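Keep the structure in view as you read.

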Amino acid sequence: MMHTVVEKHVPDAASNHHLDWLESEAIHIMREVAAECGNPALLFSGGKDSVVLVRIAEKAFRPGKFPFPLVHIDTGHNFAEVIEFRDQRIAELGEQLIVRSVAESIRRGSVRLRNPASDSRNAAQAVTLLEAIAEFQFDACIGGARRDEEKARAKERIFSFRDEFGQWNPKAQRPELWDLYNTHMHPGENMRVFPISNWTELDVWQYVAREKLALPPIYFAHARQVIARNGFLVPLTTLTPAQEGEVIETRVVRFRTVGDISCTCPVASDAATVEAIIAETAMTKITERGATRMDDRTSEASMEQRKKAGYF
């Protein structure tokens with residue numbers, strides 16, 4: 001399946017100025033990582049936020065090669081369209097992609113699940129990421145997390161310090177005054193860096209439109225079999241089958257975020273173009289993770305607990 005290229009979209013002058021400011025800040029942060037960190041990496045899943053990060057890296061470092069590899073922590077339970085897009089985009093970029101999988105961690109015994117074939121592997125990514133950091137001695141991992149996604153992420157700094165165990169302490173964050181960042185670390189410690197932390201979901205879509213970025217097709221409206229369950233539209237897959245008494249429906253849906261199949265749901269939507277998605281996003285009152293991620297509703301502090309354990 002070919003990935004989808006969004007059509008030309010011209011934002012108004014005010015929107016364009018706002019995107020210019022966000023882009024400039026992100027480029028500065030990306031270059032700061034390259035200048036201050038000895039062995040960084042950029043996390044790339046093929047999702048919309050990491051696609052934006054790659055465009056920022058292109059603007060920061062082209063015509064040279066990126067000063068870091070791209071890394072994907074693969075749960076093995078990803079949507080096939082996203083993995084296909086990831087590989088196509090890497091081939092176009094000509095950059096190095098390092099893939100480390102949760103399945104390898106399960107085989108090593110560092111990740112233990114009650115039912116490895118079907119249990120959600122989303123939280124287990126933290127273990128595999130920490131193993132990859134140790135293997136390659138990365139001192140900074142650049143990612144696409146944004147403050148508007150979830151309240152635990154809203155607490156996090158752009159340069160997020162992690163201790164020698166990969167843990168995040170929200171009470172031990174470093175001050176960030178203007179565009180000055182403290183990147184000092186002791187051996188074994190590392191940073192997670194979020195260049196688009198100040199962006200919103202709407203900003204991302206407007207930037208996708210302006211830059212005419214390709215995305216996996218599941219971000220756009222399409223027909224899919226789903227099951228209505230606990231306020232979500234759960235996609236019908238071998239990992240998420242219908243339970244006894246549930247009704248399988250074919251609905252027109254799209255994904256606002258892409259992640260592990262076991263916990264990522266689409267939303268009902270007929271927005272098949274980037275303009276329609278921008279209009280829909282401008283009107284929504286529910287965050288993308290709140291609307292689509294089952295793992296974030298397990299408790300009020302579920303994301304914060306995962307981050308304290310090393311989750312990205």
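Two strands count as paired if DSSP finds at least two bridges between them. The model is predicted.

Q: How many bridges pair strand E11 with E12, and in which sense, parallel or antiparallel?
A: Pairing needs at least two bridges. Strand E11 covers residues 248–254. Within this pairing, Val253 stands opposite Ala268 in E12. E11 and E12 are joined by two bridges, and the sense is antiparallel.

Q: Which strands are at the edges of the open sheet of four strands?
A: The order in this open sheet is E10-E9-E11-E12, with antiparallel pairing. An edge strand pairs on one side only. That picks out strand E10 (232–235) and strand E12 (267–268).

Q: Which residue in the hairpin of E9 and E10 takes a positive phi?
A: Strand E9 (residues 222–229) and E10 run antiparallel and share four bridges. Val226 of the pairing stands opposite Pro235 in E10. The hairpin has two residues between the strands. The one with a positive phi, near 55°, is Asn230.

Q: Which buried residues cover the two faces of E10?
A: In a regular strand, side chains alternate between the two faces of the sheet. Buried means under 20% relative accessible area. On one side of E10 the buried residues are Phe232 and Val234; on the other they are Leu233 and Pro235.

Q: What is the handedness of the β-α-β unit made by E3, helix H3 and E4?
A: Strand E3 (residues 70–74) and strand E4 (residues 97–101) run parallel, joined by five bridges. Leu70 has Leu97 as its bridge partner in E4. Helix H3 (residues 80–93) belongs to the unit as well. The β-α-β unit is right-handed.

Q: How far apart in space are Leu43 and Val99, C-alpha to C-alpha?
A: Leu43 lies in strand E2 (residues 40–43). Its relative accessible area is 14%, so Leu43 is buried. In sequence, Leu43 and Val99 are 56 residues apart. In space, their C-alpha distance is 9.9 Å.

Q: Why does helix H7 count as largely enclosed by the rest of the structure?
A: Helix H7 spans residues 201–211. Its buried residues include Trp205, Tyr207 and Arg210. H7 is largely enclosed because the buried residues number 10 of the 11.

Q: Which helix gives the most to the lining of the largest pocket?
A: The largest pocket holds about 200 Å³ of space. It is lined by 15 residues, and among the closest to its centre are Ile133, Phe138 and Glu189. By class, the lining has six nonpolar, five polar and four charged residues. The helix that gives the most, with three residues, is H5 (residues 125–136).

Q: Are the rings of Phe66 and Phe68 stacked, edge-to-face or tilted?
A: The model has eight aromatic pairs. The ring centres of Phe66 and Phe68 are 5.9 Å apart, and the planes are at 50°. Stacked needs under 30 degrees and edge-to-face over 60. The pair is therefore tilted.

Terms used
Residues numbered from 1 in each chain as written. Predicted model: local features only at pLDDT ≥ 70, side-chain atom pairs only at ≥ 80, totals over all residues. Heavy atoms only, no water. Right-handed = clockwise from strand over helix to strand, strands pointing away. 1 Å grid on protein atoms, 1.4 Å probe; cavity = no way out; pocket = protein on both sides within 12 Å on 5 of 7 lines; lining within 4 Å. Points joined across faces, edges and corners; volume = space filled by probe spheres on them. Nonpolar A, V, L, I, M, F, W, Y, C, P; charged D, E, K, R; others polar. Buried < 20%, exposed > 50% of the residue type's maximum accessible area, 1.4 Å probe, protein only. Phe/Tyr/Trp six-rings, centres within 6.5 Å; stacked < 30°, edge-to-face > 60°.
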